Amino acid sequence: MLTRVPLRAAIGVATTLLASSLALAARADDASPWQRDGHSAVRLLAGSRSGAVLLGGIAFQLQPGWKTYWRTPGDSGVPPRFDFSKSENVEAVTIMWPAPLKFDDGAGGHSIGYHDQIVLPLRIVAKAADKPVTLRAEINYAVCEKLCIPVEASAELGFNSVASTEDANLRAALDTVPKPANIGDPNPLTIRDVKRDGPKNVVVDVVAPADARKVNLFVEGPTPDWSLPIPAPVEPSPPGVKRFSFELDGLPPGAKPEGAALKFTLVGPEKSYEFNTNLE
């Protein structure tokens, strides 16, 4: 039995299918294929193409119970490493790091990183704004449950869309990156003071919202070979502040703490900030 379909309806169905196919093709063009291992997956995301400065991203998916690391891993772990040197028409790539979490490392300490899924935004500067841009990334990272497993992946993606389907995801990821701030800023969440307490100890006073239990503080030295410990809460803290302290351990050989440029990342339940200061 033959079923007759009106010409107008057939054209409408064909148009819908074509539009869906084009949308799927556009979505595929805005993200590279997932590179999967046993416990995670990674891919590149491309934002809209406009001008010489582009927004991209590196997306990670992690199986339940598995974690990966921030740029500073904490008491244990391996920070991810990225190589974009094989990209085409790319002058520079800056990785922007969303606010991380602190979690037990299984050995009595704490690590810093992410679980479930995370997008690291990328600020990409093209050498020539009017020429094609292809981002190529060699990605080395570790995923951990009770044991850590190293992962190596390669991904490639062109920036071709005038209006990328990944723009909303990239903007959402960008919103989770800690905002620059100055010590003493009158924000509801801020660092009030950083001071030395003896030759080895540093004390940091934080002004925090009512639920200060959900506030974490992380510290980095002036170069990646500094491995400063995670600041620990001090109990009891003075009235009106949440106090943290850490020892000046993990300095590279020959380094002196006096005058060192420290970066603090203050992570709250809703807002996060980054502070830079020179240690006295």
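1. Basis of the note. The model is predicted, and local features need pLDDT of at least 70, while side-chain atom pairs count only at pLDDT 80 or more and totals for chains, interfaces and linings use all residues. Residues are numbered from 1 along each chain as its sequence is written, and side-chain values use heavy atoms, with hydrogens and water left out.

2. Leaving aside neighbours within four places in sequence, alanine 52 is in contact (heavy atoms within 4.5 Å) with Ile124, Val125, Ala126 and Ala129. For alanine 52 and alanine 129, the separation is 77 residues in sequence but 4.3 Å in space, taken C-alpha to C-alpha.

3. Aromatic pairs. Rings of Phe, Tyr and Trp (its six-membered ring) pair if their centres lie within 6.5 Å, with planes under 30 degrees apart counted as stacked, over 60 as edge-to-face and the rest as tilted. By this rule the count is 5 aromatic pairs. One of them is edge-to-face, with phenylalanine 60 and tyrosine 141 at 5.0 Å centre to centre and 75 degrees between the planes. This pair links distant parts of the chain, since phenylalanine 60 lies in strand E3 (residues 53-62) and tyrosine 141 in strand E10 (residues 134-144), 81 residues apart. Both phenylalanine 60 and tyrosine 141 are buried. The pair of phenylalanine 82 and phenylalanine 84 is stacked, because the ring centres are 6.3 Å apart and the planes stand at 15 degrees. Phenylalanine 84 is buried at a relative accessible area of 14%, and ring pairs link Phe82, Phe84 and Trp97 into a cluster.

4. A charge over a ring. Lysine 67 lies over the face of phenylalanine 103, at 5.2 Å from the ring centre; the criterion is NZ of Lys or CZ of Arg within 6 Å of the ring centre and within 35 degrees of the ring normal.

5. The disulfide. A search of the whole structure finds 1 disulfide (a pair of cysteine sulfur atoms within 2.5 Å). Cysteine 144 and cysteine 148 form this link, with their sulfur atoms 1.8 Å apart, and the link is right-handed, with 110 degrees about the S-S bond. Which of the two cysteines is buried? Cysteine 144 is buried, with a relative accessible area of 6%, whereas cysteine 148 is partly exposed at 44%.

6. Salt bridges. The structure holds 7 salt bridges, each a side-chain nitrogen of Lys or Arg within 4 Å of a carboxyl oxygen of Asp or Glu. Glutamate 88 forms one with arginine 136, where the closest N and O atoms are 2.9 Å apart. That pair links distant parts of the chain, with glutamate 88 in the loop between strand E5 (81-83) and E6 and arginine 136 in strand E10, 48 residues apart. Lysine 200 forms another with aspartate 249, the closest N and O atoms being 2.6 Å apart. Lysine 200 lies in the loop between E13 and E14 and aspartate 249 in the loop between E17 and E18, so this pair ties together parts that are 49 residues apart in sequence. Salt bridges that share partners also join Arg71, Glu220 and Glu274 into one network.

7. Aspartate 205. This residue lies in strand E14 (residues 201-207), and aspartate 205 is buried, with a relative accessible area of 7%. Beyond neighbours within four places in sequence, the contacts of aspartate 205 include Thr190, Arg192, Lys195, Lys242 and Arg243.

Technical notes. Buried means under 20% relative accessible area, exposed over 50%, partly exposed in between (1.4 Å probe, protein chains only). Helices (H or I, at least four residues) and strands (E, at least two) are DSSP runs, numbered from the N terminus.
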